[in-house]
Each structure stands twice: as C-alpha cells, then as structure tokens.
Amino acid sequence: MTSALEAALALCVVVRMWLEPISGILIVFSTTVPAIPLAKRDTWPKNVGILALEVYFPAQYVDQTDMEKFNDVEAGKYTVGMGQTQMGFCSVQEGINSLCLTVVQQLMELTQLPWESVGWLEVGTETIINKSKAVKTVLMELFQDSGNTDIEGTDTTSACYGDTDSLYSLLYNLESSSWDGLRAAHMENVYYDFYKADMTSECPQLDGKLSIQHYLRALDCYMLYRQKIQNQWEQAGIDRHFTLDDLQFMIFHTPFCKMVQKSLAHLMFNDFLLASSNTQTGLYKRLEAFRGLKLEDTYTNKDVEKAFQKASLDMFNKKSKASLYLSTHNGNMYTSSLDGCLASLLSPHSAQDLAGSRIGAFSYGSGLAESFFSFRVSQDASLGSPHYPPEKLVSSTSDLPKCLASRKRMSPEKFTEIMDQREQFYHKVNFSPLGDQNSLFPGTYLEQVDEGYHRKYARRPV
C-alpha cells in the first residue's frame, strides 16, 4: 500500500432504501505513522482518525407537511411525532452504485488525495443490486486511470450497522493496537422487526413498535460500556462513576428524530439507576418514584419516557440536537445514519469549539447488531495531516444548510409517481431511466441497463 496523507485509507458508507431518503458519506482515515512494514516499525501507529467527510443526498425532497395532507393523517404525525420536516428521495436515475461513485469521486477531488494512495475501501450498506457482487467492485472503475488495483476491503451488510463495522475494520487495519476494550457491543438473533425477505422488491417489512423495543434493549449495552471504563478507571486510581456528563456530545443511529430524544432519556435512566438515592436536589429531582423499575420495564412505559425526556431536555439540546440536522431535513439515512449525525454535529461548530471533546456514539442495525463507543476530537491541529488539518474537516461540512436549501421541493403526487417508477423499473432490463439529468446534483447517475443486466453509468460534471 502506497502512502499520501500518511497512511490514508478511504471508507465509503452509503445506503439505499425504497420510499426513503438516500445518502452517501465517505470518510478518509489517516495515521501519523508512515505505511512501512510492521517489522520495521519502532512504534504502533498513533492518532488514527477521521481526516475528511463528504456527504451527498438527492436533489429533490418532499415536504412532510404536504405528505401529512396527502396521506390524510393527523397534522403533526410526521413533523411532530417523528420530528422530521422534509424527506429526500431518489429517482430511477440514482441508486446504491451511483451514490457511491458520486461520493467517492467528490471526496477524492475535495482532498486532492492521489488515487494511487488509497489502500483500503470498504462499503457499509444494506442494499444490493447484484446478490453476488460487492458495491465496492463497482467503485474500482474510479481507480482505473491510476492503475491502482491493490485496494483491500469489501462490502459489510447488517441492516443499518454496516457502517460501524466498516469503521472498525479500518481501525484494526490501520492500527492493530487500536483495541483498548472500551467498546461495548450487543448482537442477537431477533426476527421480524425490520427485514427484507422479498428479493423482488426494494421495500422492507416493518413492525415499528417491536423495532423500537429492540433498539432500546440494545441501547442498554451502555451499562457494559460504562463498566469497562469503570474497570480501567479503578486501575488508574480514579474513584467515581462514568456518566453522560463525561461525554460532551452524544450521537445515535437515527431512524427518526424523536427516537434520539427517547434514547438520550433512556441513557439518563441508566445513570439514574446507578446514582445515589439522595438525589432530591440534583439532576434526578422528582424522579425517585421510578427507582424500583427494571430496564426492561421501561421500554414501553410512557410515564418513564415523558419524565426522563423532560429531565434530560437541557442535556439533549447541548449534546445531541445539533446532530439531527440532516435527519430532520433528509429523513432516515439507514446505514449512513450515524455518519450523517457526525457530519451534522460538525457543521455548525469550529475546530476550536470541538477541540478535545469526547463524542459518544450508538450504532444500531435491525436483526440485530449494535455498538456503543466514543471517540475524541483532536486537541492539537498538528495531529491531522499537514494537507488536511482538523479545521478543514469541520469546514467541509459547513455548507450542509446551503446544499439542503438548494434541493427542489416536490409535491406528494410527484413523489408517489417517482416511487412508482422505481418499483416499475426494479430489475427491469433494456431501458434508460426516465428523468432529466440536469435536475440532478452533479455526480454519477444510471444511464442505461441492457438486456444482460449490465449497468452503464454517466457523470454530470460540477
């Protein structure tokens, strides 16, 4: 593996879902140790982390107020109940491959990273076009001119969790000493909350109530994460409990925005159970009535939910609200959801605002797989690449509001028509997708599918 920006590697995290918004996020990683054979190293790589982010979403959206009227549901069902104001969606011209091609090319151009310097490319997704072909192999056409074929990594699929597992793969590859025990995971075999059993359709099957219960139960791995830190602190002579106060920010996998507020409140309940019962004048004032409840008793308990959402409101506004910007305006991004929350968190802040902050992260994929982990924003700008310091990473997300505002608002009728087209052309051959390429954002789009299911892509230049 050659090197530029030290041992720079690329991670592509994308998702495709019918009837839902679509987005792509690409992350470039680097270490401060050159890419030389391990046997010649005097030290392990240090400060492995994120140098750059690139976000892409479709050029059109449907307003959720319009959809409430169109679907003849109660006003506020989507905008208040789910906390979502707009939903981005793809036309027939865009899909999993085109989104990946767009976001990889745009980030490579943004960073001016030489194509021959990339040594690892991993795709986290829950969507496939070809059941035996990785999306990553489609992306390799971008590297043809550079002659770089020595690029490890492939697709990782596990509902919305694939991006996090891709992240871990990169960390382990870049720094084999990265495992410090301070990640908590929870995996189990659960059925029929969210699944895609019909391979002839892009549509998932969903049991919303059951899915929320599984999500909250998985979130309780926060206790395991907290215990691992406690064990390390005890060895270091630190005599206190780890709580949410030790995280400056907290981001979550976001199926809908209100779920994040519920989740932070649930983590606060975890901390509450650990805290002393002498809390009448503290953060848990007026919450003692819930002291005797077990975690599993709270997943559907509306009294607990309301009480702890109210008690954690200030914490939510400080730690998590900013991370919901993309989710509010683009909807559920599925596999790239957590990365979208990170980009949203970075967008309104300067590098100085975030310096030294520790960001907690909860990743979740139905079925189920999840992790609770955290990472630290560099305190020292010199820890980044000289070509791409931390302030450049933050500034790369600062135009998200402008980009979202430049999309075209579509009527519910037009949205429904386009979704019907996607269903009509799913797995169809000998066709060119309907639509004007000039209505798309600059990037890659599907131009044709021939009789052999060969897909031809074209690129609308910037």
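Biologist: In which loop is tyrosine 334 found?

Modeller: Keep in mind that this model is predicted. Tyrosine 334 has a positive phi of about 55° although it is not a glycine. Its place in the chain is the loop between helix 10 (325-330) and helix 11.

Biologist: Is tyrosine 334 buried or exposed?

Modeller: Buried means under 20% relative accessible area. Tyrosine 334 has a relative accessible area of 6%, so it is buried.

Biologist: Where is tyrosine 453 found, and what is its phi?

Modeller: Most residues other than glycine have a negative phi. Tyrosine 453 is found in the loop between strand 15 and strand 16. It is not a glycine, yet its phi is positive, at about 65°.

Biologist: Is tyrosine 453 buried or exposed?

Modeller: The cut-off for exposed is over 50%. Tyrosine 453 has a relative accessible area of 53%, so it counts as exposed.

Biologist: How do strand 15 and strand 16 run, and how many bridges join them?

Modeller: Strand 15 and strand 16 form a hairpin, with 5 residues between them. Glutamine 448 stands opposite lysine 456 in strand 16. The two strands run antiparallel, and the number of bridges is 6.

Biologist: Why is strand 15 described as largely enclosed by the rest of the structure?

Modeller: Count the buried residues in strand 15. The strand is largely enclosed because the buried ones number 5 of the 7.

Biologist: How many residues of helix 11 are buried?

Modeller: Helix 11 covers residues 337-346 and is mostly covered. Among its buried residues are Asp339, Gly340 and Cys341.

Biologist: Which two residues does a cis peptide bond join?

Modeller: Most peptide bonds are trans. Here omega is about -5° for a cis peptide bond. Leucine 368, one of the two residues joined, is found in the loop between strand 12 (358-365) and strand 13 (369-376). The bond joins glycine 367 and leucine 368.

Biologist: How many cavities of 30 Å³ or more does a search of the whole structure find?

Modeller: Rolling a probe the size of a water molecule over the atoms shows where empty space is left. The largest cavity has a volume of about 260 Å³. The search finds 2 cavities.

Biologist: Which element gives the most to the lining of the largest cavity?

Modeller: The largest cavity is lined by 21 residues, and those closest to its centre are Ile129, Glu202, Arg422, Tyr426 and Arg455. By class, the lining has 10 nonpolar, 6 polar and 5 charged residues. Helix 2 (96-111), helix 15 (412-425), strand 15 (443-449) and strand 16 (455-460) each supply at least two. The most, 3 residues, comes from helix 2.

Biologist: Which element gives the most to the lining of the second largest cavity?

Modeller: Lys262, His266 and Glu305 are among the residues that line this cavity. Two elements give two or more residues: helix 7 (257-274) and helix 8 (302-311). By class, the lining has 6 nonpolar, 3 polar and 2 charged residues. With 4 residues, the top contributor is helix 7.

Biologist: Which residues is valine 260 in contact with, leaving aside its neighbours within four places in sequence?

Modeller: Valine 260 lies in helix 7. Its relative accessibility is 1%, so it counts as buried. Valine 260 and leucine 324 are 64 residues apart in sequence, and 8.4 Å apart in space from C-alpha to C-alpha. The contacts are Phe252, Thr254, Phe316, Ser320 and Leu324.

Biologist: Which element gives the most to the largest nonpolar core?

Modeller: In soluble globular proteins, nonpolar side chains tend to be buried together. The largest nonpolar core has 58 residues, and Phe57, Leu139 and Phe143 are among those that touch the most other members. With 7 residues, the element is helix 2.

Biologist: What percentage of the residues in the protein chain is buried?

Modeller: The chain's secondary structure comes to 15 helices and 16 strands. Among contacts with a separation of 6 or more, residues 24 or more positions apart account for 70%. Of the 462 residues in the chain, the buried share is 54%.

Key: Residues numbered from 1 in each chain as written. Predicted model: local features only at pLDDT ≥ 70, side-chain atom pairs only at ≥ 80, totals over all residues. Heavy atoms only, no water. 1 Å grid on protein atoms, 1.4 Å probe; cavity = no way out; pocket = protein on both sides within 12 Å on 5 of 7 lines; lining within 4 Å. Points joined across faces, edges and corners; volume = space filled by probe spheres on them. Nonpolar A, V, L, I, M, F, W, Y, C, P; charged D, E, K, R; others polar. Core = buried A, V, L, I, M, F, W, Y, C linked by side-chain atoms within 4.5 Å. Buried < 20%, exposed > 50% of the residue type's maximum accessible area, 1.4 Å probe, protein only. Pairing = 2+ DSSP bridges. Contact = heavy atoms within 4.5 Å.
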